[in-house]
Amino acid sequence: MKIHKSLGEFIVEKQSDFPHAKGELSALLSAIKLSAKIVNREINKAGLADITGASGVENIQGEQQQKLDMFANEIFKNALIARGEVCGIASEEEDNYVFFDNKNSRNGNYVVLMDPLDGSSNIDVNVSVGTIFSIYRRVSPADGPVEIEDFLQVGRKQVAAGYVIYGSSTMLVFTTGNGVHGFTYDPSIGMFCLSHESLTIPKSGKIYSLNEGNYIKFPLGVKKYLKYCQEEDESTNRPFTSRYIGSLVADFHRNLLKGGIYIYPQTAQAPSGKLRLLYECNPIAFLAEQAGALATDGYNPILDLKPTELHERVPFFTGSPEMMETAHQFMTDFKEDR
Ligand code: AHG
Ligand code: MN
Ligand code: MN
């Protein structure tokens with residue numbers, strides 16, 4: 001029987017990659033690891049306990065919060081407060097950023113931005129959901145409160161990012177800028193074990209993932225690209241195949257392993273799309289680039305966009321580089337003036 005390296009061992013082994021981190025980043029990732037185990041436990045009994053369904057509360061973006069959205073938010077927040085490395089968080093489920101104003105945390109060097117539960121409409125129907133996290137060094141002075149600027153940093157400044165996918169198995173996938181590594185949770189020993197070292201996305205693939213129900217609202221470039229995906233052409237292995245789960249983490253994870261493209265475009269009604277730059281697109285874009293994929297708003301790299309507000313949305317295109325190049329070509333060739 002093969003014994004896999006644990007996430008903890010892997011991080012300790014790679015610590016020398018972060019000369020400035022002095023073990024802080026590994027402590028921080030431990031908090032995320034612990035929270036993921038707790039959320040995983042709750043999700044696994046979702047049908048039994050009274051934790052499915054809506055909470056009756058809307059978040060600041062006008063979306064109905066699910067009970068598990070709020071539960072996951074509290075678990076991750078409390079685990080991060082309990083360590084000293086993080087001085088504040090921003091979350092999809094919090095109206096504003098939160099300063100950890102306690103003795104232990106207020107001088108911490110890092111901020112964490114998160115989507116505590118991604119794909120939450122899938123919980124009640126037993127379909128994969130996830131958690132997405134993004135870590136930056138704070139830019140405000142360490143002896144004062146955390147500031148909005150700490151959270152509105154350009155995505156390229158991320159020091160680490162990752163996601164947990166609660167799927168047919170639970171996995172934690174992360175990057176610190178030295179490749180993307182995946183760890184599968186073994187519930188019998190309660191550990192995340194290295195199962196996917198140095199993940200790279202295939203240069204091309206056969207899968208396209210987007211909510212085709214929105215077709216009529218898509219920009220012309222996306223409509224044309226979609227039709228291209230559906231055309232027959234032996235030399236380019238078309239038609240491609242359509243796969244869409246409706247949990248970004250799960251759709252991205254599948255395409256990362258198999259090769260594919262994920263698109264959540266802007267529409268006339270939602271000119272910035274749906275996905276959130278800080279909690280969803282930036283961390284996924286960091287992982288994508290580290291795995292050899294591209295991540296853009298249809299034209300420009302996500303990681304180069306300067307955020308202007310916490311809950312900002314952005315059109316999102318990510319996937320295998322060759323497929324992305326074709327999609328970009330369509331976006332440029334059929335650019336509309338709005
Ligand atoms: P969240 O559950 O965190 O609000 O995110 C849902 C997001 C994303 O995970 C998914 O890809 C997308 O919404 C699905 O949106 P549609 O239902 O509009 O396709
Ligand atoms: Mn989400
Ligand atoms: Mn969410």
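1. A polar contact is a pair of N or O atoms within 3.5 Å; within protein, one atom must be able to donate a hydrogen and the other to accept it, and residues adjacent in sequence count only if both atoms are side-chain atoms. With that rule, 18 residue pairs are in polar contact between domain 1 and domain 2, both residues of each pair being at pLDDT 80 or more.

2. A word on the ground rules before you go on. This is a predicted model, in which local features need pLDDT of at least 70 and side-chain atom pairs count only at pLDDT 80 or more, while totals for chains, interfaces and linings use all residues. Residues are numbered from 1 along each chain as its sequence is written, chains are lettered from A and ligands numbered from 1 in the order in which they are written, and side-chain values use heavy atoms, with hydrogens and water left out.

3. Now find the two domains. The domain assignment (automatic or from a database) gives domain 1 as residues 7-196 and domain 2 as residues 207-333. Their centres, taken over C-alpha atoms, are separated by 24 Å. In contact (heavy atoms within 4.5 Å) are 50 residues of domain 1 and 34 residues of domain 2.

4. How much area do domain 1 and domain 2 bury between them? The figure is about 3000 Å², with 62% of it on carbon and sulfur atoms. Buried area here is the accessible area (1.4 Å probe) that two parts lose on being put together, summed over both. Leu 152, Arg 156 and Tyr 163 supply 22% of the area that domain 1 buries against domain 2, more than any other three residues.

5. The rule asks for a side-chain nitrogen of Lys or Arg within 4 Å of a carboxyl oxygen of Asp or Glu. The structure holds 15 of these salt bridges, and five are found across the interface of domain 1 and domain 2.

6. Follow Glu 63 next. Its side chain meets that of Arg 276 in a salt bridge, 2.9 Å from N to O. Glu 63 lies in the loop between β1 (54-58) and β2 (64-66) and Arg 276 in the loop between β13 (260-264) and α7 (277-290), so this pair ties together parts 213 residues apart in sequence. Strands (E, at least two residues) and helices (H or I, at least four) are DSSP runs, numbered from the N terminus. Arg 276 is buried at 4% relative accessible area, whereas Glu 63 is partly exposed at 22%. Buried means under 20%, exposed over 50%, and partly exposed in between (1.4 Å probe, protein chains only). Salt bridges that share partners join Glu 63, Glu 92, Arg 276, Glu 280 and Arg 313 into one network.

7. Glu 92 also has a place at a metal. Which residues are the protein donors of the manganese ion (ligand 3)? They are Glu 92 (OE), Asp 115 (OD) and Leu 117 (O), lying 2.2 to 2.3 Å from the ion. Glu 92 lies in the loop between β3 (86-91) and β4 (98-99) and Leu 117 in strand β5 (residues 110-118), so the pair ties together parts 25 residues apart in sequence. Both are buried, Glu 92 at 5% relative accessible area and Leu 117 at 1%. Donors are N, O and S atoms within 2.8 Å of the metal (3.2 Å for Na, K and Ca); water is not among the atoms, so sites may look incomplete. Asp 115 coordinates both this ion and the manganese ion (ligand 2), and the two ions are 3.8 Å apart.
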